[in-house]
Amino acid sequence: MGSKTVELEAKLIERILGRRKEIISEAEKRAKEIIEDARERVKKILVEGRETQLRLAGTDLKAVRDKILGEAEQEGRRKLMEMRKEVISKVFSEAENRLRVIAEGKDKSVDYNEVLLKLISEAASAVGERDLVIAMNKRDIEYLMKELGRIESAISKALGHEVKLTVEEESINCLGGVTLYDRSKRKIFYNTLDGRLLKARKEMEAEVAKVLGVI
Amino acid sequence: MEVKRYIEVSEKLRRLLEDAEKQAKDIIAQAEERAEKMVADVEEEAKNMKLKVETGEILDELVKDAEKAAEDEAKKVLEKYERKLSTLKEIPSERVQKAIELILRRVLP
């Protein structure tokens, strides 16, 4: 056997072995692809299965979700409402303190005697009688007893007719202001600062909340 | 002599290739068989999953999962409200004063 023949034979064997390796490697690659595809299908089928489960149990699951989230929303809103109320209450409480200071004559920026005169005048006008009884707190009674004549004439002048004021001996418990009525007590007008504050609170909560920025 | 040897070698190499092709076919067939089984098993599982819901067997488990997911969401909802609450706790004093003045203007004649 010549050396050329041996060389050719070796090359042939090498080529065939290479081809053999190639065939096996291609098959392994294809097998891997087949398994990968199957894994993808498995994943998809499981997802679809889960989706089917969720769809079939949908109504029950939605009810559970709605209940839990609904309760959370409700609790959050309740806390928020409570906090808003608390903040607004604090502001009204502060306003009440300011009114107390004003009624005690300790706030120099407000003339409480003028305020009182306006409150009496407003009440007298609302009752519309000439002979009136006026109830106030102790401090204001003392002041009024001293100034009764002057106040009567100021009110008579403001209303355009004679007004006679009788001070109720028994004081009422309030920050300031008056309760005024006719002799028969058929017409009563409550014009205390406390009453006015209460009325303001009923009417102004939304307005105050807006100013505070808690709406 | 040389021709005979050549034929022998060629024959061996042809068989070698044939074996390789057979082996390759086996590899692919095995993979296909495995893949088919994987898919068949999971299809069976999916069928069972559906059946379990229909019979109510798995409902508790699904409800538990839904509860857990909803509770996580609910936590976020409450956190949102907590953030709003914390802003209410820090109202600037100018606004508070403005609100008090507004009330006093209404109360005082």
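Which residues have the most contacts inside the largest nonpolar core? They are L99(A), I120(A), A123(A), A124(A), V178(A), L180(A) and I103(B), in a core of 37 residues. A nonpolar core here is a set of buried Ala, Val, Leu, Ile, Met, Phe, Trp, Tyr and Cys residues joined through C-beta atoms within 7 Å. Buried means that 20 or more other C-beta atoms lie within 10 Å of a residue's own; exposed means 12 or fewer, and partly exposed is in between, with C-beta atoms placed from the backbone.

Before going on, please note that this is a predicted model, in which local features need pLDDT of at least 70, side-chain atom pairs count only at pLDDT 80 or more, and totals for chains, interfaces and linings use all residues. Residues are numbered from 1 along each chain as its sequence is written, while chains are lettered from A and ligands numbered from 1 in the order in which they are written.

Several elements each supply at least two residues of the 37-residue core: α2 (58-103), α3 (112-127), β1 (131-135), α4 (138-159), β3 and α5 of chain A, together with α3 of chain B. These helices (H or I, at least four residues) and strands (E, at least two) are DSSP runs, numbered from the N terminus. A second, separate core has 9 residues, including A57(A), V53(B), L62(B) and A66(B).

Let us look at A124(A). Leaving out residues up to four places away in sequence, A124(A) touches L132(A), I155(A), L159(A), V163(A) and L180(A). Contact means that two C-beta atoms, placed from the backbone, lie within 7 Å.

**The sheet of chain A**

Chain A has an open sheet of 4 strands in the order β2-β1-β3-β4, with mixed pairing. Two strands pair if DSSP finds at least two bridges between them. Both β2 (164-167) and β4 (188-192) of chain A stand at the edges with a single partner strand, so one side of each has no neighbour in the sheet.

Strand β3 (residues 177-182) of chain A runs antiparallel to β4(A), and 5 bridges join them. Here are two facing pairs:

| Residue | Opposite it in β4(A) |
|---|---|
| L180(A) | F189(A) |

β3(A) and β4(A) form a hairpin with 5 residues between them. In its turn, K185(A) has a positive phi of about 60°. Most residues other than glycine have a negative phi. K185(A) counts as exposed because it has 8 C-beta neighbours inside 10 Å.

**Helix α1 of chain B and the contact**

The buried residues of α1(B) include A24(B), I27(B), V42(B) and M49(B). What covers the buried residues of α1(B) includes α1 (3-56) of chain A and α2 (59-88) of chain B. After α1(B) comes G56(B), with a positive phi near 85°.

The contact between the chains takes 55 residues from chain B and 65 residues from chain A. On the chain B side, the largest share, 25 residues, comes from α1(B).
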